Amino acid sequence: MNVLLFGPELFYLGMALVLFFFSLQRRVQVERTYWAALGLAAAGFVVALYCLFQNGEIFFRAYKVDLFSQIFKAALALGLFLVMMISRNLAHIEPRYHAEFFFFLTTCTLGMMMLVSSVELLTIYVALELSSYSLYILVPLRKGDGLDVEAGIKYLFIGAVSSGFMLFGLGYIFGATHSTYLSEIIPRMPELLASPIGLVGLLLTLAGLFFKLSVFPFHFWAPDVYQGGANQVVTFIATASKAAAVAVILRLAMLGAKYGYSFTQALVVLSIVSMTLGNLVAIIQKDFKRMLAYSSIAHAGYVLIGVITFQELGYASAVYYALAYLVMNFTVFMVLSEVATDGQDLKIEELAGLYSRSPLLTMSLILGIFALAGVPPSIGFTGKLLLFTSAMNEGYFWLVLIGAVNGTVSLYYYLKVVYAAYFLEPRQGPLQLSWPTKALNWTLCSAILVFGVFPDGLVELARTAVRMVL
Amino acid sequence: MTEHLASFPYLSCMLLSPVAGLFILLFLKEEQRTLIRGVSLVSAGMAFALSIYTFVAYDKQLGGLQFVEKYEWVKGFGITYFVGVEGMNAPLLLLTGIVIFTGVLTMWELQDRVKEYFIFQLALVTGVFGVFMSYDLFFFFLFYEIAVVPMYILILIWGSTRKEYAAMKLTLYLMAGSGLIIPGMLLLYSSSGIATFNMVALHAVQFSPWIQKVVFVLLLLGFGVLAAVWPFHTWSPVGHVAAPTAVSMLHAGVLMKLGSFAILRVAMYLCPQGFQYWAEFMGLLAAVGIVYGVFVGLAQTDLKYVIGYSSVSHMGIVGLGLATGTVDGLNGAVFQMFAHGVMTALFFSAVGFIYDRTHTREIHELGGFSKIMPVASAFFITAALCGAGVPGMASFWAELLVLIAAVQVFPVRGLAAIAALVVGALFALRVVQNTFFNKPNPKFVHFEDVSPFLGLPRMILIGFLIFFGIFPQTMVSLIKTSIVPFIKGM
Amino acid sequence: MDPILLGCLLCVILPLVAFGLIMIFTWRRPNLSLAISLVASTIPLIIAWTMLFKLWGIKEPLIFTFNWLVSDLVKVPFGFLIDPVSLIMLVIVATISWLIQIYSIGYMGGDPGFGRYYADLSLFAMSMLGLVISSGLLQLYVFWELVGLSSYLLIGFWYEKFSASEAGKKAFVVTRFGDVGFFMGLVFLTIFFGSLDIAGLNAAAASDKMPPWLITTSALLIFCGIAGKSAQFPIHVWLPDAMEGPTPVSALLHSATMVAAGVYLLTRIFPFMAASATAMLIILAIATLTMILSSTIGMVATDIKQVWAYSTVSQLAFMAMGLSAAGLAHGTLFAGYFHLTTHAAFKALLFLCAGAFIHHFGTNNFFVMSKEGGRKLTIPMVTVTIAALALCGIFPMAGFFSKELILGTLAHLDNKIWVLLGLFGAFLTSYYTFRVIFVMLFPRADDHPAWEQYWEEPEPHGHGHGDDAHGHGHGDAHAHDDAHGHGHGGHGDSHGVPWVMSFPLLVLAGFTLVLGFLQTPLETFLLGKSEPHEMSFVLLASAVGVALAGIGMAWLDWGRKTASWQGFIKQIPALETFFIQKWYIDHFWRWFLDTFIYGVFSKWFTYNDRRVVDGGVDAVAFSCIGGGRWLSFIQTAFLQFNLLFMVVVLAAVGIYLLMGR
Amino acid sequence: MLLFNQLETYLYVALVLFFIGLYGVLARRNLIAILISVELILNAASLNFMAFNRFLAPHPAVGQVIALFIMAVAAAEAAIALSIIIAVYRKLKSVNVEQATELRG
């Protein structure tokens, strides 16, 4: 077997071990841990890129390595690396837990990497749980008042219940198709969806995945976790894990592809409700992270638009949008955690006068926010428009109309952020940025703009990738 | 439509010169004021020069689409970068050039956060140029939004009365408009069968009447918001009042034209049958807007509100011209877009000058300004007379064409519009009298008049107004070259 | 290039250039501006006269046209139509505006706005000349509007004075009110006839190529414009107020040339208008009403310029009567046009004399002038008397001939009421004219009781309508004196009038004397032939009779030593107040404006805009926020509620799908 | 025909287990109790797998393997859950869900 097929996973396994040993050490070495983690993450990204064009199946066809999975692995590696970048000062995490913090980030990444390539029910389940459990632990890792544990416990139980559902559903699917291999299941789904058992199975399975993506009605954890978790952890949840969730949903949604009208209608309704609820509730939020949580619910709705089409273009746009979302959302979170110097939760007003405290961060914030709001010339705008286009191609007129109107609503709360950053007078002194942060800012800004204006390469990549899962 | 490829990428240069300026500004220090102003002036000036060039160099005999540039952009979705110039957008490109150039000069005295100001202004104007020149729906819409969004920050920071409210209202309102535009244009895209955003190609497609009706009304309302079509106009007076001078100039002068231009270029061009179906409705809204605007303007006490409502009325004339669907009407409408753009720019730059000195726009607080600053008042009075439809000014001819066409197609609405001219004159002169005549307000007597340098942009604007007022043919003959085939194609 | 065409172009372009130059560059430098403007008005003068002599006796009109604006249906040719009608008007305009520019050197000397004044004069000259020789109605409309613009600028010349700026605005808006009708008429013609070429229109109408309804409608609509410009009832109200402008302006625009433009248009398209009897009848009625009305008001005015203003209105009405009567009786346009010519001369003269007095005494009230020894100003006094005689139509003044002609035309009508009314008008005219003359000539002793009755200027009858309080304060005479502060020379000095001012008086007086005898040649020139006017002796006698009667009446009331200085109208106080209040027409317009335009439309539209339209938008926005707050309640902090919600929704979806299978 | 020899029996049992677990999750306020109920759901799932495998699946071992995996995963989950619950207890001095109701809206 070609090691490179399993390369990234192996690497992250090793990285996890290294960090594990760091965590065992008695005397705390924050700096060394950080640099080690950062270096490893960077290397991991390189590895993931290196394995980008691997292709093959391993572990008795339970594990499929194709462009689709590899793109997402690269994205995940990137996400991890970026999160590491902003983890320079983990103000809200006990120094002695830093090693564990990095360790769990790594295991989570590992889990998600396995998730995006696994094409066998059990593997999917195990990978999913591996990634989820790391996050369950990361959330309450934050020090301070009870909010973190409350968030943690809610996250845990909502997650546990929905994965329980999923498992139950997988059971039915297994029973109905006598197989645990997607490649064998998907062809058999159509005739089988006539029977309630298959239907329930499918529905419950999707429940577990929607939980990851925080689609209504499985979104309840998001606001609490976003608010309760440490900024860096939330950043990771908001970027990398979302991308992984999109990937696995794109794979599994094919189970329902042939189901037909009422199933897609159900998904349409879920997507509409998610985006509307997310946007409306986000309007009234005061806490920046909580607002972003609701906006992530809304964006889950947008991504679903792409999924619902069950067509190459739709999937491609979904992939494009997932990657775009990773970049733009991370940009915003980076600004957030740079501004929240001692890791506290940030009220939107606390962005006051950012324009004078740090013009560079302000630029990133504006671009990130506008990208999230779908304002050109940004990656977010292009992604959203491509999603709408593919949906319209399948004739979802109302879905597009509502989505577009939702875009307007969302603009309101995004502009409130801009308002705070640009208009309110500063209360604190200027922010000092290290040169890597500056570099990171410029990179992200240019990424947002460049891929927004010249989307062709990425779109083509996504199209070739999604041909693998269709 | 025949397309003639450009020998040299004039349009891309026109589009990129503000962008280039913007990027240079990014790396300048806030302290280097003069350098910042210089850079923005140069980039604006280049765009201005290029716009003049395209206006003059457009070959009327050849006709069709000239200076065309076309590149595949996103193959998967049939997006092409496709820009060109024809009779109907050449004047508007010129208008944009004029307004941005004069706008930069007008804001020369700006002291507060100069760098950011010019960055956003250049970003905005890039969008405007883009909309006027692109023939690909995707880029059209992209630039459309680029042109709208910076307005929020521009008003929020450099604006005046009730700016938070105004900025938010304006942005959300316009974005709500694009919430209707997206489904409309995507419906066209998807139902065309040929997966392309290329407008010229889409024009060739015969859409089913049902689709055309739906799409047209969506686009009409969506773009109509930006064109301040009654009753979607309320953002515009509020926005104008709040916005800083040059932004008001750009906004009333150019941005509102984006809406009407888009109605012409996208809605009417791509769904002719839809237009036939909705023309009555469109004409009605426009006529109501014309009458309504002047009457509401009559009751205003804030100079900028007055101008805002007069814009509502004048844009109504544009709408009426479009609704007629005749060659005269469309010529008039496009001409009016240009004329009104220059005129309002002049209005706002004059008001801005006075406001910067006196910090009030309440008509009853002002007065006797002809005594205090004769030149500044002369600028305003010129604009006011132009607004009152005095011959010898560009807008007279535009209104003439539109009104004649309108009476022909919708007699009652046309006559109502003509009658509104009286009230228009009344309120224009009323403002002039109360602001500039009578005894000067002792508070303001110490202000000195416009310096020649600051007078320059206003003189440029007046120059264009009068030139096209005396030689309207130079403009109309150009516009005709595209309108006549346009009507044939409908 | 054809010299004629060149001449026409120069006539239009030179003053425009002068206007531009002065406005942009030299408006701060009086003498330079004056020089530019004089050059730009002298050359047209020469051109006009040479053309008149060169082209004397042309049969075929010369027409030059080229395209100005060619859209699809709308084609605006720009061109010149040179025929006797336009030639004579051209000469009149050129001459009078030149004279006025000379006169103004003295009158406006030392005014801070001197440069601007001459710029505006040039603008007026340009637009008026262009109007006179334009070949198409649309082009004529363009210049028509420009004339209105320059009149607006000149009336409001002393803009610090509220009444002046107000009057300017009023003039512009009211005339615009008429012009809207004019414009509509043009639009109709464009749409249904296709061309606005004057010659074409006349020909078509004469050889009834046009549907009658079209002729009638468009004729009446065009007459709205004429009524606006030539101050016919009910939109004459702007003209008396227009006297707020400097007196030379009143002489130039508001008596001799601009207001005559309306009548000129009437003659210009006379065949077209005459093609519709209905229109002609209506015009005749309106004109007659206007004449009576304005003469009666003239009887009670104490401001000399007011008197002349109202007499202008009545004389214009008189011309309109002549023309419309001719139209009805299939006569020629000569009568009205001839009166237009003569009137231009003597009315300008009247105003310039008034100007001389005003300039000297710094007041508009002729009683005050009389008391301060107005008659000592010899030249003005003599000339004003000549002009007054002309106005009354006394032989051998020019007015005599033209008025006779018009009365003759009226007499041709089957219905004799018109001529009777005409005679009555003539009577009133001579009465109020000589009221002024006698008062000026024979002042009373200082202790005469009549003084204090006229001494204090009548207070302005404006209503305090905030910024729109309208009406012109005669009381501001002194105010504007300060405003364009030229102190007036010492009293009793009979040579208080500089030669630049007296020279035009003499010239015009000359015209007033000789013009009448040029009747026949002018007629031949205009009509190509001169049919003898069989002037019935009765009419002649009665005409002269009423004129003399009027003068006699004036003598009884104002002239003779024992005269009470109470107009006979005093006997009927109700009538007098009615006249003093100008038949309450101003009040009507004021009321109309306040009640409907401001009170109803403006007010309610604004309310609607704030509350309904804008309120609706805001309501939507707020409902979104409210919806957010409401939806946020499902995000309770209670874990198991969330789980329950999740399960329930999932179950619902499941059930929906099971149903939907 | 023996009851224990039919697929349906096991499915129904599993279903009952599932709903008991669900009920427990929704009804109990004690975090530990909720955890146990979640375990019930997982067990229901694994029972399903076994049953299906026993009666239908071509390959004899799949279901059992899955069941084993589920046990392992469930154990891990229990460990994590308990650790977090302990943390909750440390900070809120209670293991009652109703105590953890700070984050809302």
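This is a predicted model: local features need pLDDT of at least 70, side-chain atom pairs count only at pLDDT 80 or more; totals for chains, interfaces and linings use all residues.
## Chain D: a helical chain

Helices here are DSSP runs of H or I with at least four residues, and strands are E runs of at least two, numbered from the N terminus. Reading along its sequence gives the pattern α-α-α, and the secondary structure totals 3 helices and 0 strands. Chain D is more spread out than a compact globule, because its radius of gyration is 17 Å, well over the 13 Å that the globule rule gives for 105 residues.

Of the 105 residues in chain D, 37% are buried. If you take the contacts in chain D between residues at least 6 apart in sequence, 46% of them join residues at least 24 apart.

## How the chains meet

The meeting of chains C and A can be followed in some detail. Here 22 residues of chain C are in contact with 23 residues of chain A. On the chain C side, the elements that give two or more residues are α26 (585-631) and α27 (639-660). The largest share of that side comes from α27(C), with 13 residues. Sorted by class, the side of chain C that touches chain A has 13 nonpolar, 7 polar and 2 charged residues.

## Strands of chain B

Let us turn to the strands of chain B. Strand β1 (residues 3-5) of chain B runs parallel to strand β2 (residues 65-74) of chain B, and 2 bridges join them. To find this pairing in the structure, look for B:Leu5, whose bridge partner in β2(B) is B:Val68.

β2(B) also pairs with strand β3 (residues 79-85) of chain B, this time in the antiparallel sense and over 6 bridges. β2(B) and β3(B) make a hairpin with 4 residues between them, and B:Gly78 in the turn has a positive phi of about 65°.

## Helix α23 of chain C

Now for a helix in chain C. Which residues of helix α23 (residues 519-527) of chain C are buried? They are C:Gln519, C:Glu523 and C:Leu526. Viewed down the axis of α23(C), the buried residues fall within an arc of 70°, so they line one face of the helix.

What covers these buried residues includes α3 (84-107), α15 (334-361) and α18 (398-412) of chain C. The face of α23(C) turned away from the buried side carries the exposed residues C:Thr520 and C:Pro521. After α23(C) comes C:Gly528, with a positive phi near 80°.

## Backbone details in the loops

Two cis peptide bonds are worth a visit. One runs from A:Phe216 to A:Pro217, with omega near 0°; A:Pro217 sits in the loop between α8 (196-213) and α9 (221-228) of chain A. Another joins B:Trp230 and B:Pro231, with omega about 0°, and B:Pro231 lies in the loop between α9 (209-226) and α10 (235-242) of chain B.

Positive phi values also turn up in residues other than glycine. B:Arg113 has a positive phi of about 50° although it is not a glycine, and its place is in the loop between α3 (90-106) and α4 (114-133) of chain B. C:Ala231 has a positive phi near 55° and lies in the loop between α8 (212-229) and α9 (238-241) of chain C. Are these residues buried or exposed? B:Arg113 counts as partly exposed because it has 16 C-beta neighbours inside 10 Å. C:Ala231 has 30 C-beta neighbours inside 10 Å, so it counts as buried; the cut-off for that class is 20 or more.

Note on methods:
Residues are numbered from 1 along each chain as its sequence is written. Chains are lettered from A and ligands numbered from 1 in the order in which they are written. Two strands pair if DSSP finds at least two bridges between them. The radius of gyration is taken over C-alpha atoms; the globule rule is 2.2 Å times the number of residues to the power 0.38. A residue is buried if 20 or more other C-beta atoms lie within 10 Å of its own, exposed if 12 or fewer, and partly exposed in between; C-beta atoms are placed from the backbone. Two residues are in contact if their C-beta atoms, placed from the backbone, lie within 7 Å. Ala, Val, Leu, Ile, Met, Phe, Trp, Tyr, Cys and Pro count as nonpolar, Asp, Glu, Lys and Arg as charged, and the others, Gly among them, as polar. The arc is that of the directions from the helix axis to the C-beta atoms.
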